[in-house]
Amino acid sequence: MLNGKRITVVLPAYNAARTLEKTYSEIPRDIIDDVILVDDASHDETFSVAKRLGIPAFRHPINRGYGGNQKTCYTEALRRNAEIVIMLHPDYQYSPKLLVAMAGMIAYGEYDAIIASRILGKGALRGGMPLYKYFFNRCLTFAQNVLMSQKFSEYHTGYRAFRREVLAELPLLENSDDFVFDNEMLAQSLYFGFKVGEISCPTLYAPESSSINFSRSVTYGLGVLGVSWKYFLAKQGFASYELFSREGKRLSLDPATDNLSNRSSSVTIQ
């Protein structure tokens with residue numbers, strides 16, 4: 001705990017057997033109260049490794065995508081009474097050593113959400129980010145800052161922390177189950193007035209780290225621009241979208257009325 005706040009780390013996992021133990025070993029358990037893993041129908045031993053390590057885990061019977069994985073992550077974290085939730089990829093691309101700093105910025109009331117930027121400083125290229133990804137990251141971020149009237153160094157990091165109220169109030173079930181989920185969630189946080197901050201983060205692109213290929217990166221980039229354009233139109237009052245509606249579908253904390261597809265056949269270990 002920090003400042004009396006219960007902190008949970010969620011691990012959205014897909015084929016992370018080779019890096020899960022290393023990632024888990026560096027999570028500061030004197031501060032972090034709970035760790036949850038969601039295995040998105042991996043083809044390797046991810047779920048078995050989680051079981052061996054004693055990590056509470058949930059397994060999707062079919063692959064639901066990166067966004068679908070996060071929806072389960074956040075639902076289960078809230079059900080386990082998390083007050084601060086941090087998403088950490090179990091492929092060791094992001095350093096678990098930043099967990100305390102990210103949690104502290106929320107626990108002491110400075111921000112409602114924190115994103116760990118690979119672009120602040122010189123960590124991205126030094127950590128092995130492909131040059132084409134760095135270039136498109138900078139271009140997309142510039143366009144998004146213009147459309148959304150923000151000044152973020154990047155929108156595309158997968159290392160994020162949220163206050164409980166953010167996860168409970170955002171219409172997250174209106175979001176994609178694919179990679180653009182991250183961008184939609186950040187746009188929603190800004191649209192509904194939550195305070196979002198950044199922290200500099202080193203990153204490591206290793207052979208075992210997860211990464212989307214060029215064609216999927218193009219699809220993602222077009223999706224990101226679409227989210228930013230919708231944000232602009234909604235903010236200006238020119239259009240309305242369920243993505244930015246307070247009446248949009250939110251995560252359900254009642255298992256009896258669960259609105260996550262395939263959730264009922266997930267497997268839990270304690």
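Let's start with alanine 41, which is found in the loop between strand 2 (34-39) and helix 2. Helices here (H or I, at least four residues) and strands (E, at least two) are DSSP runs, numbered from the N terminus. Please keep in mind that this is a predicted model: local features need pLDDT of at least 70, side-chain atom pairs count only at pLDDT 80 or more, and totals for chains, interfaces and linings use all residues. Residues are numbered from 1 along each chain as its sequence is written, and side-chain values use heavy atoms, with hydrogens and water left out.

Back to our alanine. Most residues other than glycine have a negative phi. Alanine 41 is not a glycine, and yet its phi is positive, about 60°. Is alanine 41 buried or exposed? With a relative accessible area of 16%, alanine 41 is buried; buried means under 20% relative accessible area, exposed over 50%, and partly exposed in between (1.4 Å probe, protein chains only). Serine 149, in the loop between helix 6 and strand 6, also has a positive phi, near 55°. Serine 149 counts as exposed, at 64% relative accessibility.

Now follow the chain to helix 2, residues 46-53. Thr46, Phe47, Val49, Ala50 and Leu53 are buried there. Looking down the axis of helix 2, you would see these buried residues fall within an arc of 160°, so they line one face of the helix. That arc is taken from the directions from the helix axis to the C-beta atoms. Lys51 and Arg52, on the other side of helix 2, are exposed. After helix 2 comes glycine 54, with a positive phi near 80°.

Next, strand 4, residues 84-87. In a regular strand the side chains alternate between the two faces of the sheet. Here Ile84 and Ile86 point one way, Val85 and Met87 point the other way, and all are buried. Which strands pair with strand 4? Two strands pair if DSSP finds at least two bridges between them. Strand 1 (residues 7-13) pairs with strand 4 in the parallel sense, over four bridges, and threonine 8 stands opposite valine 85. Strand 6 (residues 160-163) pairs with strand 4 in the antiparallel sense, also over four bridges; there, arginine 160 is the bridge partner of methionine 87.

On to charges. Side chains of opposite charge can pair when their charged atoms come close. A salt bridge is a side-chain nitrogen of Lys or Arg within 4 Å of a carboxyl oxygen of Asp or Glu. How many salt bridges does this rule give? The count comes to eight.

Let me show you three of them. Aspartate 34 forms one with arginine 6, with the closest N and O atoms 3.6 Å apart. Aspartate 34 lies in strand 2 and arginine 6 in the segment before strand 1, so the pair ties together parts that are 28 residues apart in sequence. Aspartate 177 forms another with lysine 71, at 2.7 Å between the closest N and O atoms. This pair links distant parts of the chain, 106 residues apart: aspartate 177 is in the loop between helix 7 (164-169) and helix 8 (181-191), and lysine 71 is in helix 3 (residues 65-79). Lysine 71 counts as buried, at 5% relative accessibility, whereas aspartate 177 is partly exposed, at 31%. Finally, arginine 79 forms a salt bridge with glutamate 76, and both are buried.
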